[in-house]
Amino acid sequence: MKSGRAAICLLALLLLACAGHATGQLPTQQAAWRFADVPAWQDEFDYQGKPDRAKWGYDIGGDGWGNHELQYYGKRKANAYVEKGVLNIVARRQRRKGSDFTSARLVSKGKGDFLYGRFEARAKLPPGVGTWPAIWLLPTDWAYGGWPRSGEIDMMEHVGYDPGRVHVSVHTQAYNHIAGTQKTSVTPVPDATSQFHRYRIDWTPDAIRGYIDDAPVFEFRNEGSGADAWPFDRRFHWLLNVAVGGDWGGKQGVDAAAFPATMQVDYVRVYPLLGN
């Protein structure tokens, strides 16, 4: 009887394994991949003044950024500065080139571009209806075409009208919010606007996995079906910003009294993928 039960269990396991491969999904290999213990690229923000020009550039403009956002992104120190060991990105209620708000969007493009790795940032988010802070990655080369074909990785997004709930997402041609097929997770972080938390993405050829304070909250696996589902085999770079309003962030309006609104970032680090 015992040997018969063992044979049945073994057959069931084999059938499950075959079924998993038939869907085109790769098996989870989280334990197989190794990352370096020391960052290959980082900013600890252990200086004063404007962000390090060797590591950060700026997106500039106020055209809504594809989401009908209300801010003008510039490179003024009032919107992005380092003080007391943290980066401050500040959205302010002030007119600038036709926009009612100003803010900053820092980018590492051309200064920090990466293929795979462990990406980590420790941050405290701004409160207030109408705020939309994000820590995310975009493709450097747009090898597969414009958004969403070349992909997007959102390590952390938070909208002020839904406080204490952090979103981790990816967008591709096959999976995106325009089509209603986006891959995302929503995690309660009740003190996200009053305390610092660690936001992390582990990106390997097999999967993109998201963590908050080292707890797993998101997984998007490479199905092996091509670039429409998995464009994540090309270089990406950091973006750090606080948007105002927009299709999502402004869904319940904008509370002018919430500004200035500041996202504080203690550090950003990239640990290279070593292999499996």
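Predicted model: local features only at pLDDT ≥ 70, side-chain atom pairs only at ≥ 80, totals over all residues.
The protein chain contains two helices and 20 strands. Of its 276 residues, 47% are buried. Among contacts with a separation of 6 or more, 72% join residues 24 or more positions apart. The chain exposes about 12,900 Å², and carbon and sulfur atoms supply 52% of that area.

In soluble globular proteins, nonpolar side chains tend to be buried together. The largest nonpolar core in this model has 54 residues, and Tyr199, Trp203, Trp238 and Leu240 have the most contacts inside it. Strand β19, which spans residues 261–271, gives the most to this core, with six residues. Leucine 240 shows how separate segments are brought into contact: leaving aside neighbours within four places in sequence, leucine 240 is in contact with Trp56, Leu87, Ile89, Ala104, Arg105, Leu106, Ala134, Ile135, Met263 and Val268.

The C-alpha atom of methionine 263 is separated by 7.0 Å from that of proline 133, although the two residues are 130 apart along the chain.

Isoleucine 212 belongs to strand β16, residues 207–212, and is likewise buried, with a relative accessible area of 7%. Beyond residues up to four places away in sequence, isoleucine 212 touches Val166, Thr187, Val189, Arg198, Tyr199 and Val217. Of these, threonine 187 is 25 residues away along the chain, with 8.5 Å between the two C-alpha atoms.

Glutamate 157 presents a charged side chain in a buried position. This residue is in strand β12, residues 152–157. Glutamate 157 is buried yet has no salt bridge, and the nearest side chain of opposite charge, that of arginine 105, is 9.1 Å away. What does the side chain of glutamate 157 make a polar contact with? The partner is the side chain of tryptophan 132, at 3.1 Å. Tryptophan 132 is also among the residues that glutamate 157 touches outside its sequence neighbourhood, together with Pro133, Ala134, Arg165, Val166, His167, Ser169 and Trp248.

Elsewhere, charged side chains do pair, and the count comes to 14 salt bridges. Arginine 95 forms one with aspartate 100, the closest N and O atoms being 2.5 Å apart. Arginine 95 is exposed, with a relative accessible area of 58%, whereas aspartate 100 is partly exposed at 41%.

A further salt bridge joins aspartate 266 and arginine 122, with 3.0 Å between the closest N and O atoms. Aspartate 266 lies in strand β19 and arginine 122 in strand β10, residues 117–124, so this pair ties together parts 144 residues apart in sequence. Arginine 122 is partly exposed, with a relative accessible area of 28%.

The side chains of arginine 235 and aspartate 141 also meet in a salt bridge, at 2.8 Å from N to O. This pair links distant parts of the chain, with arginine 235 in the loop between β17 and β18 and aspartate 141 in the loop between β11 and β12, 94 residues apart. Arginine 235 is partly exposed at 36%, as is aspartate 141 at 42%. Finally, salt bridges that share partners join Arg118, Arg198, Arg200, Asp202 and Asp214 into one network.

How values were computed
Residues numbered from 1 in each chain as written. Heavy atoms only, no water. Core = buried A, V, L, I, M, F, W, Y, C linked by side-chain atoms within 4.5 Å. Buried < 20%, exposed > 50% of the residue type's maximum accessible area, 1.4 Å probe, protein only. Helix = DSSP H or I, 4+ residues; strand = E, 2+ residues; numbered from the N terminus. Contact = heavy atoms within 4.5 Å. Areas by Shrake-Rupley, 256 points an atom, 1.4 Å probe, with all protein chains shown as cover. Lys, Arg positive; Asp, Glu negative; His and termini not counted. Salt bridge = Lys/Arg side-chain N within 4 Å of Asp/Glu carboxyl O. Polar contact = N/O pair within 3.5 Å; in protein donor to acceptor, adjacent residues only side chain to side chain.
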